[in-house]
Amino acid sequence: MQVSFELAFVVSIAAGLVGAMSGMGGGIVLIPGLTLLGVDIKHAIAVSIVSVIATSSGAASAYLRDRITNLKVGMFLEMFTIVGALVGASIAVVSARTLLFILFGAVLLASWVALLLQSQEYITLADQQDCVSRWLELEGSYYDQAVRATISYRAIRGYLGGPAMFAAGLIAGLLGIGAGAVKVLIQEVLMRLPTKVSTTTSNLIIGVTALAGSSVYLAAGLIDPGLAAPVILGVSTGAFAGTRLLVRLTNTAVRRFFLVVLLFLGIEMIVRGIRGAL
Amino acid sequence: MIRFSTHPGGCRFQIETFVGYILLLGLLGSVTLLLIGMSWRWLETGTLQLDYSLGGMNLFRFMVAEMQLLTHGTISPRIIVSLGITVLLLTPYLRVLSSMLYFAIAEHDIKYTCFSGFVLAVLTYSLFLS
């Protein structure tokens, strides 16, 4: 179904805004939003993954200039995420639409649970590094403005972080989202990287992962330029405004609002998937 | 002589800053082209609707088709919008390419040159899919 430029643009602004304010990325709201407008879920996924390149590039460019992003950690993990994204996108192209609805709903509900249980615990940095991570040179330092000190860190379990990133790439490619939360979780919990390094490096990885996924959707003829144009423009505008609006709104208000949105969209997607299957 | 470093302090060329600018310029270039294309479409037809499909093309074939049209002087809102999407898709690709060159030429780091070479090879392969 053909959706008007204006409607796609407005939904994309809202998705970019909510995505930037929640830190979850635009795709998680964009895809359900577009399907509610009548866009086929595979076309929505395809166009969303292209827009993920835009939001990732915008955010990563700012973080890179702050010199917190670790290029080596990013490059190592990208080797796994791009292969995952290629596999995920190839599965999505041949999958039943009802299955994609249910899977997307499940990811939304999983994100809802993660946000509900979110704790503010700080990651304890590792003292000892395993030989694989040392060989991979997964370490670095950055200047933390909040504590006004240089933080040095060494990642551990690089041998597990890589394969785990394949799964993160697979989710990203399959569902057309950045899957930034999963990438951050792997870097923080598994590899013990500081939160700031995990978040900024994840942003860098997201762009390349999304490109690998996009190439499959492009080859499958699922990227519609008439839809891609308003979505890229809308999501970029929304994300730009969202990062600025964030300073004026309290974290609690944003979190409560996003919890409601995730729960509603998650249930709605699963119901539509089940209805389609019946 | 240009000095390269990934460590803060005392360096003239910083790869992070360079890569950051590639991403920023790619995004701004893409958004600008999309805005020009859509504005032109609106001025020409009074509508923002664009109805065309890329029909299962890979990025490189898509780029060649665009360039052929441009060299023949055929320029339309549709080509500008397609160029905007191409620029966006090429942005992360260029980022990986520049990182690989940096690891190879500036750092002489064989390990990370191979890693970025692998990422680049997989991306190149995927962009040739059709």
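Predicted model: local features only at pLDDT ≥ 70, side-chain atom pairs only at ≥ 80, totals over all residues.
Residues are numbered from 1 along each chain as its sequence is written, and chains are lettered from A and ligands numbered from 1 in the order in which they are written.

**Confidence**
- Chain B has an average pLDDT of 84, and 86% of its residues score at least 70.
- Over residues 1-11 of chain B, pLDDT stays under 50; the model has 15 contacts beyond four places in sequence for this stretch.
- For the complex, the predictor gives an ipTM of 0.89 and a pTM of 0.90.

**Where the chains meet**
- Chain A brings 43 residues to the contact and chain B brings 49; two residues are in contact if their C-beta atoms, placed from the backbone, lie within 7 Å.
- On the side of chain A that touches chain B, α3 (41-65), α4 (71-94), α9 (195-219) and α10 (225-245) each supply at least two residues.
- That side of chain A is made of 27 nonpolar, eleven polar and five charged residues. Ala, Val, Leu, Ile, Met, Phe, Trp, Tyr, Cys and Pro count as nonpolar, Asp, Glu, Lys and Arg as charged, and the others, Gly among them, as polar.

**One helix pair across the contact**
- α3(A) packs against helix α1 (residues 15-45) of chain B at an angle of about 150°, and their axes are 8 Å apart. Axes are lines fitted to C-alpha atoms, for helices over the stretch in contact, and angles run from 0 to 180 degrees between N-to-C directions.
- α3(A) and α1(B) are therefore roughly antiparallel to each other (an angle over 145 degrees).
- Residues of α3(A) including A:Ala54, A:Gly58 and A:Leu64 meet residues of α1(B), among them B:Val19, B:Leu23 and B:Leu27.
- The contact of α3(A) with α1(B) has seven nonpolar, seven polar and two charged residues.

**A hairpin in chain A**
- Strands β1 (residues 139-144) and β2 (residues 149-154) of chain A run antiparallel, joined by six bridges; strands pair if DSSP finds at least two bridges between them.
- A:Tyr143 has A:Thr150 as its bridge partner, and A:Gly140 stands opposite A:Tyr153.
- Four residues lie between these strands, and A:Arg148 takes a positive phi near 50° in the hairpin.

Notes. pLDDT = per-residue confidence, 0-100. Parallel < 35°, antiparallel > 145°, perpendicular 65-115°, else oblique.
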